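Welcome, and please get your viewer ready for a short walk through the model below. We will select a few residues at a time and look at what surrounds them.

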Amino acid sequence: MIDTVLHYFYEISKIPRPSGHEKAISNYLVDFAKQNQLEYEQDAQHNVIIRKRGTNEESIALQAHMDMVCEKNKDIHHDFFKDPIKVIDDGIYLKADGTTLGADDGIGVAIMLAILSDTEDSSLSIEAIFTSDEEETMNGAKTIDKSKIHSKYMINLDSDSEGVLTVSSAGGLKVTLSGEIEREKIDTTKYVCYNLVLKGLKGGHSGTDINKNRESAMRLGFSLLNELIQKFAIKISRMESGSKLNAIPREIEMNIWVTKEEEDAFKNFILLYNDEMKQQYIQELNLKVVLEKTNDSSMPFTSSFMKQ
């Protein structure tokens, strides 16, 4: 059975499936049902229900979501809307090449497909429920027609601990803030701009990895920024971090203007800061701050804007 599970995991890893863009994987599931002569239903939200009739009259519902968190390292060229996931087998684990693997919840989908394709056990009656857009809005679970589900019991296959049943889960909150960016004009002959990138963090899922003491690039980045503001007359013109609601940020990037008089001291501070971080955050082996001079044409944020 495990070989069959891995076969289907590799198969669905070839199919791009960002949240809200599950049409291709949904159609793959429909084709699977047709090829295996199984009953199926597909709705407008790309949810799919596949039924396998066995000798047992009472069916068991299995459920997994088909979308995945799409995160990658900044230096990796990967289009989650077009490119297959590059799965790497290191002999112990399956990993991805600089991107998220999609095991959440690709492994649940693969297990369900393996069970549905099994021809040896004719007793099982299975109702396999594949939902869409779980990672961002839960829209699939919200909109699926519950009257189409006939099983009395359901097993959710969206957990990551073998032999453990999950009976509850962490919640999430999305907040959107908007406003006009205020910038000030500075004498660029007296300032030089640097691109600062704090990167190399392990990151992870905000649900399953949140208890593993992994560092957030946002937290470390703003802590570093606060120290820089205390020591130097710096100005900020750009800041970027995080790409997904449910992923621990692995990188933060900002453009910092520093006076030419403080430039050398600023660079030396970053060198020392790198050494201090390696000693303090020993669990983050690849953590580092990279500093490069850049030609930023945008003016820095005003002081009043930064305090908002």
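## First stop: tyrosine 28

This is a predicted model. Begin by selecting Tyr28 and showing its surroundings: leaving aside residues up to four places away in sequence, Tyr28 touches Tyr8, Glu11, Ile12, Ile15 and Leu113.

Now widen the selection. Tyr28 is among the residues with the most contacts inside the largest nonpolar core, together with Leu29, Ile50, Leu113, Leu116 and Phe130. That core has 33 residues. To see where they come from, colour helix H1 (2-13), helix H2 (23-35), strand S2 (48-52), strand S3 (60-65), helix H3 (103-117) and strand S6 (126-131); each of these supplies at least two residues of the core.

## Aromatic pairs

How many aromatic pairs does a search of the whole structure find? The search finds five. Show Tyr8 and Phe32 for one that is edge-to-face: the distance is 5.6 Å centre to centre, with 85° between the planes. Because Tyr8 lies in helix H1 and Phe32 in helix H2, this pair ties together parts that are 24 residues apart in sequence. Are the two partners buried or exposed? Tyr8 is buried, with a relative accessible area of 11%, and Phe32 is buried too, with a relative accessible area of 4%.

Move on to Tyr194 and Phe266. Their ring centres are 5.8 Å apart and their planes stand at 50°, so this pair is tilted. The partners come from distant parts of the chain: Tyr194 is in strand S8 (residues 191-199) and Phe266 in helix H6 (residues 263-280), 72 residues apart. Tyr194 counts as buried at 3% relative accessibility, and Phe266 is buried with a relative accessible area of 0%.

Together, Tyr194, Phe232, Phe266, Phe269 and Tyr273 form one aromatic cluster.

## Last stop: cysteines

Finally, select Cys70 and Cys193. Cys70 counts as buried at 8% relative accessibility, and Cys193 is buried with a relative accessible area of 3%. How many disulfides does a search of the whole structure find? The search finds zero.

Note on methods: Residues numbered from 1 in each chain as written. Predicted model: local features only at pLDDT ≥ 70, side-chain atom pairs only at ≥ 80, totals over all residues. Heavy atoms only, no water. Core = buried A, V, L, I, M, F, W, Y, C linked by side-chain atoms within 4.5 Å. Buried < 20%, exposed > 50% of the residue type's maximum accessible area, 1.4 Å probe, protein only. Helix = DSSP H or I, 4+ residues; strand = E, 2+ residues; numbered from the N terminus. Contact = heavy atoms within 4.5 Å. Phe/Tyr/Trp six-rings, centres within 6.5 Å; stacked < 30°, edge-to-face > 60°. Disulfide = S-S within 2.5 Å.
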